[in-house]
Amino acid sequence: MILIIDFGSQYNQLIARRVREHHVYCQIEPPDIPLATIKAMNPEGIILSGGPASIYEKGSPRVDKGILNLGIPVLGICYGLQFMVDALGGKVIGSKKREYGFAELNVKKQSGIFQGVGKKTQCWMSHGDSIGELPHGFTIMASTANTPVAAAENLKKNFYGLQFHPEVVHTKSGKKMLANFLFDICRCKKSWSMKSFVTHAVAEIRAQVGDGKVILGLSGGVDSSVAAVLLHRAIGRNLICVFVDNGVLRLNEADKVIEMFKKNLKINLRFARAGKLFLSRLKGVTDPERKRKIIGRTFIEVFDKEAHKIKNVKFLAQGTLYPDLIESRSAFGGPSAVIKSHHNVGGLPKKMNLQLVEPLKHLFKDEVRLLGKELGLADDVVWRQPFPGPGLAIRIIGEVTAKRLDVLRKADAILLEEIRANNLYYKLWQSFAVLLPIKSVGIMGDQRTYENILAIRAMTSDDAMTADWAQLPHDILARISTRIINEVRGVNRVVYDISSKPPSTIEWE
Ligand code: XMP
């Protein structure tokens, strides 16, 4: 494995992604990780990441210098290089020119990290400080117009440093450079695959829980579904999944979950039908944030009650992913403004007194999908479009009532049916319907109608941070509109939402 020390760069997760793309396992750890822990991990190589701090600044992050005496190859990137240079007696200087963006890299020696890399190649810079004086034993390997020491190495010690970022795609040969570090320098093997992960994870889960019982809140989404199947493989009937029907699910969703997990996969599944309770609490509520809080709180209450019905439960499993883990402990990222109190709201109460089992906590989302496939889960689950925890409640603008839910469910089902039939489901990040609290006049047969307006939302995106409205073909939009107006009582007008994120958000509430 490769250990990545997190000095706070926005590109850290990207370094990990790149290492894993080469089928080498890696883990990101904070700089205060004890030397003894690093020794016990026995990594083949260490990568010191970039970071926003200046090395001579008070409180700048530092890792135990002892890592430089372990005989393990080290690659310092940007701040990581500066840390290494400072720790080994060199000098870092505040540059007059800040270098940000593309730069041409002149490679002096095509060996080590630069084996097989062209003499001139494009790299991506993002730094203020640079290396003034290299420590004893280092030689310059590459430079740019502004940065004389753009790369350096100490061959004897197996230390390498890059002032630029090999992990971003703008560094043309970045992938090759990382491969050189991993395979030629660290002698890593390409052993990280989902197959090996399953073997490893199953053993780890068994070691942690023994013959204890584990409960898991199953939502039907990718993460909890994959976690369920993995845990089921490890401990069989000792995994008890709890599915809470909160009354704001899509059409037939609850039945589909029972069918897939209980009937097909033979997973121990308990069902809490709590729709009525949720709806009674949502009565008269129109504020989106209040809807979220009510649903979040009620979910915890129902889940807790269900959990107490099961005897001798010691563990609670969650489908936490790696980005959640890294972000939740990041010492450097400040809290961003709360636009919607959404993500990871499912935080279950500490008072439940259960030990956490988080078998996906070292995986990225796309790895979870690969894992799902490896475990034999259907594409329909593995590639499912995201669905928000508060469900249809935040897609009914205004008050959530049983009647309005019924209208939205039917319309949404037609929309999804058409999206699937036209092979668009997997191409879209999300596609759904939104029921507006506005009525408009229409004509049906010879009758005047005065009914609801329904909006269609279809988005493309990679990560939901930014998203574009999808340019759906007009004939498909026409068919969706005709079918909804004809087949759903209570809707006489369909509109298409043509706003992107930002400045709009994906969900309407
Ligand atoms: P927005 O609307 O902020 O949504 O552009 C970004 C992504 O997050 C999902 N979303 C939620 N997920 N609870 C969730 O679990 C929520 O309250 C929530 N609100 C939005 C949204 O569907 C999109 O994928």
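Into which domains is the protein divided? I looked this up at the start, noting that the model is predicted. The division gives domain 1 (2-185), domain 2 (194-382) and domain 3 (395-496). I then took the centres of domain 1 and domain 3 over C-alpha atoms and found 50 Å between them.

Next entry: the cores. I found 50 residues in the largest nonpolar core. The members that touch the most others are Ile-215, Val-248, Ile-419, Leu-454, Ile-456, Leu-472 and Ile-484. Helix H13 (residues 402-421) gives the most to this core, namely eight residues. Domain 2 (194-382) and domain 3 (395-496) each supply at least three residues to this core.

I followed up Ile-215. Setting aside neighbours within four places in sequence, I listed its contacts, among them Ile-240, Phe-303, Ala-307, Met-352 and Leu-354. Ile-310, Val-313, Phe-315, Leu-316 and Ala-317 are also in contact with Ile-215. I noted a second, separate core of 42 residues as well, including Met-194, Ala-201, Val-229 and Val-382.

Last entry: helix H8. Which residues of H8 (residues 275-282) are buried? I found Gly-275, Phe-278 and Leu-282 to be buried. Viewed down the axis of H8, the buried residues fall within an arc of 70°, so they line one face of the helix. I then checked what covers these buried residues, and the list includes strand E11 (239-245), strand E12 (269-273) and helix H9 (288-308). After H8 comes Gly-284, and I noted that its phi is positive, near 75°.

Definitions and conventions: Residues numbered from 1 in each chain as written. Predicted model: local features only at pLDDT ≥ 70, side-chain atom pairs only at ≥ 80, totals over all residues. Heavy atoms only, no water. Buried < 20%, exposed > 50% of the residue type's maximum accessible area, 1.4 Å probe, protein only. Helix = DSSP H or I, 4+ residues; strand = E, 2+ residues; numbered from the N terminus. Arc of directions from axis to C-beta. Contact = heavy atoms within 4.5 Å. Core = buried A, V, L, I, M, F, W, Y, C linked by side-chain atoms within 4.5 Å. Domains from an automatic or database assignment.
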